[in-house]
Structures are given as C-alpha cells and as structure tokens.
Amino acid sequence: MEEILRQQIEKIVPLTDDEFRLVLSHFSVGNYKKHQYIVQQENPVPYVHFVVKGLLKSFYIDKSGKSYILQFAMEDWWITDNQGFYNNQNATLNIDCLEDAQTYYITLDNREKLCAELQKMEFFFLQKMTAGNIALQNRILSLMSKNSEERYIQFIQLYPDLIHRIPKTLIASYLGISRETLSRLSH
C-alpha cells in the first residue's frame, strides 16, 4: 500500500527512502465501507484523501434536493472538498464511497508541515492542484459546449476503467443527462 503512494509522488518528484518515511509520517490510513461518507455538506473538511483502493464520488445537493456529481475518484486519484479544506470552512460537497475504499489522508496542518520540511513536496502538491484545476476547467467547458453524445464519448475515452464500475444512473448524472439518454447512447 505504501508503494502506491510513493509511486504517485515519484511520478513528479524523486524521493529517497528517508524522505518517503518523512512523507508517510504526515499521512494516516483510512478504511471506509461502501456508502460511507467521508465528507458531508455543512461539516468540517479535515482531510484531503489519496485513494489507494476503491471508488468515491463527490457531489452537491441543492436546496430542492437535486444531486449534482462533481467528480469520481478511483485508485491513484486525490479527492476532497477543496473550498472547505483549504479555507477551513464547512463542506459544500459530499463525498461518499461507491465501493469499499482505503485512502491515505492528510490534514492541512500536516501538509503545510510536510512542505516546510521537504520543499519538493510543495512542488508535488502544486502540480497535483494544477492538474486538478485543468481537469475541472475541461469538465466545465465540456458541459457548456458539448452535446450529450460528445460528453459520453469523452467520458469513455478519459475513464475507460470507470464505465464498468459506476452505475449508469450516476454516469448520467455526472454527464448532466437523463438515464434514458445514456441508455440510448450506450447501445
């Protein structure tokens, strides 16, 4: 399990064994069951999670009770409510487990301590944040400019492993289309 986190970091910055032990000392391990929430709207957001095993989704529920899926996170991905986590505010999003999950998680204080102790980790987290912002920008542009078929094709191309792990109703919600439209597109 430790090796998965190390490989994730070393895609961006090399680490000695001592440096990796320092990194690990700032993280904790979380084990979660399917349907368990790790973040809930209106509650504090103490951690950012790196997914080692399992599948999670972040979503927003509006005042009328309608749910909007913002993100899925599978193995080797990071997930949190960024606004709540980085601004020390209550969550605007929910994050729950679509499968049993295991994560490495870190508090903002530990993240800042780690970056102060090991400068290259600041670069790592900056690169991950930048990649996340680019992905979010691309998702927004896709929702604004592509039709339902183009969004579905893009989803399959970007996330071929997810298509078989996520119920069609959730994929439809993520794409901003009805379940019926998705059924028509996927045949």
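In this predicted model, ring pairs join F27, F50, W78, Y104, F124 and F125 into a cluster. Within that group, let me take F124 and F125, whose rings form an edge-to-face pair with 5.3 Å from centre to centre and 65 degrees between the planes. Both of these residues are buried, F124 because its relative accessibility is 0%, and F125 because its relative accessible area is 6%, against a cut-off for buried of under 20%.

The count of aromatic pairs comes to 14, and another of them is W77 with Y159, where the centres lie 5.5 Å apart and the planes meet at 65 degrees, so this pair is edge-to-face. W77 sits in the loop between β5 (67-73) and β6 (78-79), while Y159 sits in the loop between α6 (148-158) and α7 (168-175), and the pair therefore ties together parts that are 82 residues apart in sequence. As for accessibility, W77 counts as partly exposed at 23%, whereas Y159, at 18%, counts as buried.

Turning to charges over rings, the charged end of R139 is placed over the ring of Y174, at 3.7 Å from its centre, and K66 lies over the face of Y68, 5.1 Å from the ring centre.

Finally, a word on the annotation: an unreviewed UniProt entry carries "domain: Cyclic nucleotide-binding" for residues 31-116, and over that stretch the chain is 17% helix and 44% strand, with the end C-alpha atoms 28 Å apart.

Conventions. Residues are numbered from 1 along each chain as its sequence is written. This is a predicted model: local features need pLDDT of at least 70, side-chain atom pairs count only at pLDDT 80 or more; totals for chains, interfaces and linings use all residues. Side-chain values use heavy atoms; hydrogens and water are left out. UniProt positions are given in the numbering used here, feature names are shortened, and annotations may be inferred rather than shown by experiment. Helices (H or I, at least four residues) and strands (E, at least two) are DSSP runs, numbered from the N terminus. Rings of Phe, Tyr and Trp (its six-membered ring) pair if their centres lie within 6.5 Å; planes under 30 degrees apart count as stacked, over 60 as edge-to-face and the rest as tilted. Buried means under 20% relative accessible area, exposed over 50%, partly exposed in between (1.4 Å probe, protein chains only). A charge sits over a ring if NZ of Lys or CZ of Arg is within 6 Å of the ring centre and within 35 degrees of the ring normal.
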